[in-house]
Amino acid sequence: MRNFVLWLFEKRATPCEIALFNFWHIFYFALIVAGVITAGVFLKKASQKTQSKVFSALAIALCALYAFDFFAIPLYNTHECADGTVLYMLDVDKLPFHICTVLCPVVAFVQFNEKFYRFREPVAILAIVAPLMYLTYPGSAVGDLSAFCYKVIQTFLYHGVLLAWGYLNLATGTVKPVFKRCYKVLIGLVLIAAWAMIGNVVYSYNPYDYDASPHYDWFFLTGSTFPFVPKALMPFAVIAAVFCVALMVYGIYYLVIHIQNRKNTTPDAKENEQKEAATV
């Protein structure tokens with residue numbers, strides 16, 4: 001039993017290694033995006049009660065995937081000592097200091113606590129932006145890993161569920177973004193950055209020393225992940241980059257609404273409305 005469980009969760013490099021922008025990376029990305037968009041088409045026609053159940057199910061699934069991973073991590077995150085002893089360790093980097101992981105409890109609060117409902121719009125926007133950015137460049141889930149090992153599947157599945165929750169809120173009209181409220185997204189990013197900086201300082205031996213051990217770079221604020229950006233500017237660069245993508249989401253949303261409104265006001269649509277009115 002133990003050997004089977006270890007085999008089930010172990011990191012593998014074969015078969016079908018996944019690498020940045022190779023077939024399996026693009027396959028997972030396309031599968032998730034297509035699945036989320038398709039779900040939006042069907043869910044938009046569903047009743048509000050059904051939509052609410054789907055949102056709750058996605059929030060529960062998100063929390064379940066995140067919580068279960070802490071039990072699975074020691075089964076693949078191993079370290080062999082000099083005397084041959086194998087240690088099964090937790091991965092501190094999985095703590096909720098990255099934007100995608102911190103959104104897990106935030107989504108749960110927004111979904112299940114009415115007091116937090118007023119934050120649903122910025123949370124939904126970030127729940128689209130953050131996983132999309134990660135799925136485009138999934139650094140921790142590619143390279144010397146099989147596309148079918150637990151770590152890769154769990155990572156893409158988690159971000160896919162997070163993306164689905166955010167996108168479906170917009171697709172169903174549960175959240176109707178208003179551009180003048182985009183400042184709330186910026187405030188959310190600043191709060192997440194402050195929270196991530198606390199994690200970087202508390203858990204890292206030296207958050208600004210690339211060679212220090214242990215060293216963590218939650219929300220990519222210390223400059224170690226992207227050393228071509230000056231360290232002092234990295235927090236501002238990250239917040240600005242994510243916020244710009246959030247503004248793109250607002251822009252795409254308004255563009256889609258504009259196209260739909262134009263489609264509904266075409267001559268054919270007006271003629272059909274007149275025919276329907278004449279038959280009443």
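Start with the second largest pocket: select Y167, L170, A171, I252 and V256, the lining residues nearest its centre. The model on screen is predicted. In total, 22 residues line this pocket. Its space comes to about 600 Å³.

Now colour the lining of the second largest pocket by residue class. Expect 18 nonpolar residues, three polar and one charged. Which helix gives the largest share of this lining? Helix 8 does, with eight residues. Show helix 2 (23-44), helix 5, helix 6 and helix 8 together; each supplies at least two lining residues.

**The largest pocket**

Move to the largest pocket. Select H98, Y134, G139, S140 and F220, which lie nearest its centre. Rolling a probe the size of a water molecule over the atoms shows where empty space is left.

Colour this lining by class too. In the largest pocket it divides into 23 nonpolar, 12 polar and seven charged residues. Next, highlight helix 3 (48-76), helix 4 (99-112), helix 5 (120-136), helix 6 (150-171) and helix 8 (234-264). Each of these supplies at least two residues of the lining of the largest pocket.

**Zoom out**

Show the whole chain as a cartoon. There are nine helices and four strands. From the N terminus, the elements run α-β-α-α-β-β-α-α-β-α-α-α-α. The C-alpha trace spans about 90 × 45 × 40 Å along its principal axes. Colour by burial next: of the 280 residues, 40% count as buried.

**Salt bridges**

Side chains of opposite charge can pair when their charged atoms come close. How many salt bridges does a search of the whole structure find? Three. Visit them in sequence order.

Select R12 and E10. Their side chains meet in a salt bridge at 3.6 Å, N to O. R12 has 17% relative accessibility, so it counts as buried. E10 counts as partly exposed, at 32% relative accessibility.

Select K94 and D69. Here the N to O distance of the salt bridge is 3.1 Å. K94 sits in the loop between strand 3 (86-88) and helix 4, while D69 is in helix 3, so the pair ties together parts that are 25 residues apart in sequence. Are these two residues buried or exposed? Both K94 and D69 are buried.

Select E121 and R181. The closest N and O atoms of this salt bridge are 2.6 Å apart. E121 belongs to helix 5 and R181 to the loop between helix 6 and helix 7, so this pair ties together parts that are 60 residues apart in sequence. E121 is buried, with a relative accessible area of 7%. R181 is partly exposed, with a relative accessible area of 30%.

**Last stop: a surface patch**

Switch to a surface view. Select W195, I198, V201, V202 and Y203, which form a nonpolar patch on the surface. Together they have about 480 Å² of accessible area.

Which helix holds I198? I198 is in helix 7 (residues 183-203). Why does I198 count as partly exposed? Its relative accessibility is 45%, and partly exposed covers the range between under 20% for buried and over 50% for exposed.

Conventions. Residues are numbered from 1 along each chain as its sequence is written. This is a predicted model: local features need pLDDT of at least 70, side-chain atom pairs count only at pLDDT 80 or more; totals for chains, interfaces and linings use all residues. Side-chain values use heavy atoms; hydrogens and water are left out. Patches are made of residues with over 30% relative accessible area and no salt bridge: like charges are joined within 9 Å, nonpolar side chains (Val, Leu, Ile, Met, Phe, Trp, Tyr) within 5 Å. Accessible areas come from the Shrake-Rupley method with a 1.4 Å probe; for residues, only the protein chains shown count as cover. A salt bridge is a side-chain nitrogen of Lys or Arg within 4 Å of a carboxyl oxygen of Asp or Glu. Buried means under 20% relative accessible area, exposed over 50%, partly exposed in between (1.4 Å probe, protein chains only). On a 1 Å grid over the protein atoms alone, a cavity is a set of points where a 1.4 Å probe fits but cannot get out, and a pocket is an open set with protein on both sides within 12 Å along at least five of seven lines; lining residues have an atom within 4 Å of a point. Ala, Val, Leu, Ile, Met, Phe, Trp, Tyr, Cys and Pro count as nonpolar, Asp, Glu, Lys and Arg as charged, and the others, Gly among them, as polar. Grid points are joined across faces, edges and corners, and a volume is the space filled by probe spheres set on the points.
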